[in-house]
Amino acid sequence: MLSFRLLLPVFFVGIAWLQESIDQIFFSGNWNLPIGPGLPWWGLLTAPFSHAGFGHLTSNTIMFLPLSWLVLSKGIRDYIGILIAVVVMEIPVWLFWPRGSHGMSGVLYGLLGYLLLIGFLERRFMTILLSVVGLVLFGNALPALIPGVSPAGVSWIGHASGFLGGIFAALALSREPKRLNKAKD
């Protein structure tokens with residue numbers, strides 16, 4: 001089971017690298033699969049695998065793998081829950097945001113949002129440690145949630161919707177902390 005946990009994020013990244021390679025080799029970078037108004041619903045599933053070039057994909061890969069492994073150290077249930085929550089939170093972006101959006105950033109911010117909140121909610125040593133490690137390693141990415149901070153062409157709304165998805169996943173998936181000193185009947 002451990003190897004599956006390690007390989008699942010690699011599988012997702014592999015799909016993104018395959019898509020980008022096909023895009024660059026056969027379509028000169030014009031085969032994007034974004035979400036946005038008027039675009040098909042299945043873009044909610046393809047957009048995370050579509051990127052604006054190898055630089056975009058490389059920067060997302062560098063963050064996606066360790067964030068995924070941190071969450072997977074908690075459990076596959078939480079990881080899948082985050083992925084589902086991010087897709088659900090991107091539905092309003094797909095329906096209402098005026099420009100197309102694509103890339104793994106929404107998923108990255110979903111993983112980060114989950115990690116930052118789960119330690120507070122569960123108050124267990126390991127989940128607090130996960131939250132602290134997530135904040136120390138990736139806290140510098142938080143300003144990109146603010147409109148106007150991200151460079152032109154970067155979808156801050158995709159970041160924010162993913163982050164909210166991670167927050168909602170943490171709220172839905174957290175387990176009540178065990179009481180150390182339960183009152184005896």
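Mentor: A salt bridge is a side-chain nitrogen of Lys or Arg within 4 Å of a carboxyl oxygen of Asp or Glu. The model discussed here is predicted.

Trainee: How many salt bridges does a search of the whole structure find?

Mentor: Side chains of opposite charge can pair when their charged atoms come close. A search of the whole structure for such pairs gives a total of six.

Trainee: Which residue meets Lys74 in a salt bridge of 3.2 Å, N to O?

Mentor: Lys74 also forms a salt bridge with Asp78, where the closest N and O atoms are 3.8 Å apart, and both of those residues are buried. The pair at 3.2 Å joins the side chain of Lys74 to that of Glu122. Because Lys74 lies in the loop between α3 and α4 and its partner in helix α6, the pair ties together parts that are 48 residues apart in sequence. The residue asked for is Glu122.

Trainee: Is Glu122 buried or exposed?

Mentor: Glu122 also forms a salt bridge with Arg175, the closest N and O atoms being 3.7 Å apart. Arg175, in the segment after α8, is 53 residues away from Glu122 in helix α6. Arg175 has 30% relative accessibility and therefore counts as partly exposed. Glu122 has a relative accessible area of 0%, under the 20% limit, so the residue is buried.

Trainee: Which residues do salt bridges that share partners join into one network?

Mentor: Glu122 is paired with Lys74 and with Arg175, while Lys74 is also paired with Asp78. Through shared partners, the network consists of Lys74, Arg77, Asp78, Glu122, Arg124 and Arg175.

Trainee: Within what arc do the buried residues of α7 fall, seen down its axis?

Mentor: The buried residues of α7 are Thr127, Leu130, Ser131, Gly134 and Phe138, and what covers them includes α3 and α6. Exposed Phe125 and Val136 are on the face of α7 turned away from the buried side. The buried residues line one face of the helix, because they fall within an arc of 95 degrees.

How values were computed: Residues are numbered from 1 along each chain as its sequence is written. This is a predicted model: local features need pLDDT of at least 70, side-chain atom pairs count only at pLDDT 80 or more; totals for chains, interfaces and linings use all residues. Side-chain values use heavy atoms; hydrogens and water are left out. Buried means under 20% relative accessible area, exposed over 50%, partly exposed in between (1.4 Å probe, protein chains only). Helices (H or I, at least four residues) and strands (E, at least two) are DSSP runs, numbered from the N terminus. The arc is that of the directions from the helix axis to the C-beta atoms. Contact means heavy atoms within 4.5 Å.
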